[in-house]
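Have the picture open while you read.

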Amino acid sequence: MQRVLVTGGGSGIGRGIARHFADQGAEVTITGRRADALKDTDGGRGMICRSADVADEAQVSALFDQPFDIVIANAGIGHTAKLVNTSLADWQNVLDVNLTGTFLTFREALKSMQAGGRLIAVASTAGLQGGPNIASYVASKHAVIGLVRALAKEVARQGITCNAVCPGFVDTDMGDAAVAGVAQKFGISQEEAAARITSGNPMRRMITVDEVVSAVAFLASPGASMVNGHSLAVSGGEI
Ligand SMILES: NC(=O)c1ccc[n+]([C@@H]2O[C@H](COP(=O)([O-])OP(=O)(O)OC[C@H]3O[C@@H](n4cnc5c(N)ncnc54)[C@H](OP(=O)(O)O)[C@@H]3O)[C@@H](O)[C@H]2O)c1
């Protein structure tokens, strides 16, 4: 049976990924800080729910008391502010969760991962292009893609692949927060804010969780065995 670990499995994209693999018959471990959210994701599927903060070295290490075949570093946070107003604490927090969390997750996974293993990071189109008022997030996601590219070359001879998926705006709590932030900033409705946010996407709509899950499922599938170091945009053609 395939063993799958999903960080940030208590909501949004991570929840969709975890449920996909569980419904396929894998043994799925999900992690995040909120135990109740993990339980909601499980919904009786028999997932292993383990609370952990991905930015905490000891807590991440403790998750890997067994080897995993597929490890998805999905946990992440956003932060919206002009760079000039970004505190060091906010900057550091975004890097700690998005970048260091991915580093720790992949490093600990590699200590026991066997040939055929798959490391997948949920990055963002913000890892492939810039955008105003989200410099810490953009920097963290560019760095995640750098990590994926470097690690892909390092682990290739072990028969392990390392890839990223890069969604545009996805209809999750994080996507909702972005819409609410734009609505508040410009004094416009949620609908107008959503339209503004998706205006850079040629398909002019939010991406669904299932559309991101499909990309992750492909990278984890046997058919993707020669895809390595790739950043797969799920963005309707935005980039
Ligand atoms: N939604 C979008 O538009 C979008 C677009 C591109 C990329 N992404 C990326 O997709 C990933 C998932 O985001 P989402 O949209 O599904 O948002 P979400 O619903 O807010 O999910 C983020 C998850 O990360 C977990 N998390 C946050 N900080 C953590 C920490 N320190 N330790 C452990 N877990 C932590 C949260 O759980 P706890 O709070 O319980 O810890 C939560 O379950 C993120 O990496 C995000 O950057 C999202």
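Predicted model: local features only at pLDDT ≥ 70, side-chain atom pairs only at ≥ 80, totals over all residues.

## First, some ground rules

A residue counts as buried when its relative accessible area is under 20%, as exposed when it is over 50%, and as partly exposed in between, using a 1.4 Å probe and protein chains only.

Residues are numbered from 1 along each chain as its sequence is written, and side-chain values use heavy atoms, with hydrogens and water left out.

## The nonpolar cores

A nonpolar core is a set of buried Ala, Val, Leu, Ile, Met, Phe, Trp, Tyr and Cys residues joined through side-chain atoms within 4.5 Å. The largest one here has 28 residues, and the members that touch the most others are Phe64, Val71, Phe106, Leu119, Val148 and Cys162. Who supplies this core? Helix 3 (57–63), strand 4 (70–73), helix 4 (88–110), strand 5 (118–122), helix 5 (135–155) and strand 6 (161–167) each give at least two residues. Helix 5 gives the most, with six. (Helices are DSSP runs of H or I with at least four residues, strands are runs of E with at least two, and both are numbered from the N terminus.)

Take Phe106 as an example. Contact means heavy atoms within 4.5 Å. Setting aside neighbours within four places in sequence, Phe106 has contacts that include Val71, Leu119, Val148 and Cys162. There's also a second, separate core of 27 residues, with Val6, Val28, Ile72 and Ile207 among them.

## Ala18, up in helix 1

Ala18 sits in helix 1 (residues 12–23). Is Ala18 buried or exposed? With a relative accessible area of 0%, Ala18 is buried. Leaving out neighbours within four places in sequence, Ala18 is in contact with Val6, Val28, Ile30, Thr41 and Met47.

## A cavity inside

On a 1 Å grid over the protein atoms alone, a cavity is a set of points where a 1.4 Å probe fits but cannot get out, and its lining residues have an atom within 4 Å of a point. Points are joined across faces, edges and corners, and the volume is the space filled by probe spheres set on them. How many cavities of 30 Å³ or more turn up in the whole structure? The search finds one, and the largest cavity holds about 30 Å³ of space.

Its lining is made of Ala73, Ala75, Asn98, Thr102, Ala121, Val122, Lys141 and Val144. Helix 4, strand 5 and helix 5 each supply at least two residues of that lining.

## Cysteines and disulfides

A disulfide is a pair of cysteine sulfur atoms within 2.5 Å. By this rule the count is zero. Cys162 is in no disulfide, and its nearest cysteine sulfur, that of Cys166, is 12 Å away. Cys49 is partly exposed, at 33% relative accessible area.

Asn133 isn't a glycine, yet it has a positive phi of about 70°. You'll find Asn133 in the loop between strand 5 and helix 5, where it counts as partly exposed at 21% relative accessibility.

Arg204, also not a glycine, has a positive phi of about 55°. Arg204 lies in the loop between helix 7 (190–197) and helix 8 (209–220), and at 54% relative accessibility Arg204 counts as exposed.

Technical notes: 1 Å grid on protein atoms, 1.4 Å probe; cavity = no way out; pocket = protein on both sides within 12 Å on 5 of 7 lines; lining within 4 Å.
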